Amino acid sequence: MGKLIVAAIGGNALVKDKESESVHDQFEAVCSIASHIADMAEDGIDIVITHGNGPQVGYALRRSEIAHHEKGVTEVPLVNCVADTQGGIGYMIQQALTNEFLRRKMDKKVATVITQAEVNATDANFFRPTKPVGSFMSKGEAEQLMSEHPEWTMIEDSGRGYRRTVPSPLPIDIIEKEAITAMVRAGFIVIAAGGGGIPVIKKADGTYEGVDAVIDKDFSTSLLAQQLKADALVITTGVPKVCIHYGKPEQEELSKVTMEAVEAYKLEHQFPEGSMLPKVEASLQFLKNGGSHVVITNPENLGLALKGKAGTHIIKNI
């Protein structure tokens with residue numbers, strides 16, 4: 001094996017705005033990202049790709065609810081929506097990368113692993129939904145849906161609009177980690193832990209059971225990177241660099257920063273909950289458990305960031 005990078009693609013990176021929500025639009029976005037990932041592979045880097053599914057699982061859940069209420073179609077549980085979107089997005093990334101390698105005449109294979117992530121049944125997040133899913137909405141649209149579904153919770157998401165939230169427990173184990181490791185050693189680019197993984201709990205008899213939740217993909221990516229003993233963790237997001245004082249006149253981009261400095265910024269509440277905060281917490285988790293280097297940037301700057309010329313780089317010590 002060469003240098004191993006575990007790289008996370010945000011679900012919102014595939015849905016840029018309300019005019020680009022179709023599967024065709026999402027596939028075009030995936031193809032653009034695939035080019036950057038292929039650059040990494042061309043440099044001899046082993047890669048495991050994870051991805052978010054916040055918008056997509058929200059769409060799937062809403063389609064199921066509308067079909068049930070309008071036509072009596074059986075509802076699809078949230079856990080199954082997670083599994084469905086994991087397969088659907090994995091297929092798009094897998095095909096886009098395969099085609100990119102064929103265009104470059106690179107002998108590189110890609111495979112998607114449908115991945116389960118174990119969570120604790122008593123995780124407090126089951127009682128405090130925090131994970132945004134689905135489309136961004138105006139305040140009026142959110143209030144209308146809340147009146148129709150009083151059991152739902154909504155949050156204002158970093159100034160971008162309102163979104164529905166669902167439970168988001170923390171992952172404690174990636175069930176298919178051995179299979180992922182074997183595939184990387186065999187030379188595959190592996191797509192795994194999509195949407196944070198399908199959330200499952202371990203029962204008293206040792207068997208697993210799916211639960212209705214959506215795991216934050218950054219925490220699952222960090223855990224997977226730890227379990228694979230990856231050399232670096234890469235998290236893509238909607239901005240080129242992590243910022244402090246975000247959206248204010250004194251906004252400042254972070255380029256190279258220590259783990260200790262990031263922890264101090266976190267205590268100052270510099271990172272919005274439901275947006276940059278999970279990425280920062282997942283980065284710190286990776287660095288505290290054997291990792292040495294985290295890169296956070298947008299997909300467009302991925303290649304430059306891996307050469308140290310873009311993005312935010314979090315390290316243990318400068």
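A residue counts as exposed when its relative accessible area is over 50%, and as buried when that area is under 20%. In this predicted model, R103 is exposed because its relative accessibility is 57%, whereas T85 is buried because its relative accessible area is 9%. R103 is found in helix 3, and T85 lies in helix 3 as well.

**Helix 3 and its residues**

- Helix 3 covers residues 78-103.
- The helix has 26 residues, and the distance from its first C-alpha to its last is 37 Å, close to the 38 Å expected at 1.5 Å a residue.
- After helix 3 comes K105, which has a positive phi, near 60°.
- Within helix 3, T85 is in contact with H51, N53, Q56, V57, A60 and G90, when its neighbours within four places in sequence are left aside.

**Helix 5 with helix 6**

- Helix 5 and helix 6 form a right-handed crossing.
- On the helix 5 side, the contact is made by K177, I180 and T181, while helix 6 contributes L224, Q227 and L228.
- By class, the contact of helix 5 with helix 6 comprises 3 nonpolar residues, 2 polar residues and 1 charged residue.

**Helix 7 with helix 8**

- The crossing in which helix 7 passes helix 8 is left-handed.
- Helix 7 takes part in this contact through M259, V262, E263 and K266, and helix 8 through L277, V280, E281, L284, L287 and K288.
- The residues in the contact of helix 7 with helix 8 divide into 6 nonpolar and 4 charged, with no polar residues.

**Background on helical spacing**

- Residues three or four places apart in an α-helix point the same way, because such a helix has 3.6 residues a turn.

How values were computed: Residues are numbered from 1 along each chain as its sequence is written. This is a predicted model: local features need pLDDT of at least 70, side-chain atom pairs count only at pLDDT 80 or more; totals for chains, interfaces and linings use all residues. Side-chain values use heavy atoms; hydrogens and water are left out. A crossing is left-handed if the near helix is turned anticlockwise from the far one by less than a right angle, and right-handed if clockwise. Helices (H or I, at least four residues) and strands (E, at least two) are DSSP runs, numbered from the N terminus. Contact means heavy atoms within 4.5 Å. Ala, Val, Leu, Ile, Met, Phe, Trp, Tyr, Cys and Pro count as nonpolar, Asp, Glu, Lys and Arg as charged, and the others, Gly among them, as polar. Buried means under 20% relative accessible area, exposed over 50%, partly exposed in between (1.4 Å probe, protein chains only). The expected span of a helix is 1.5 Å times one less than its number of residues.
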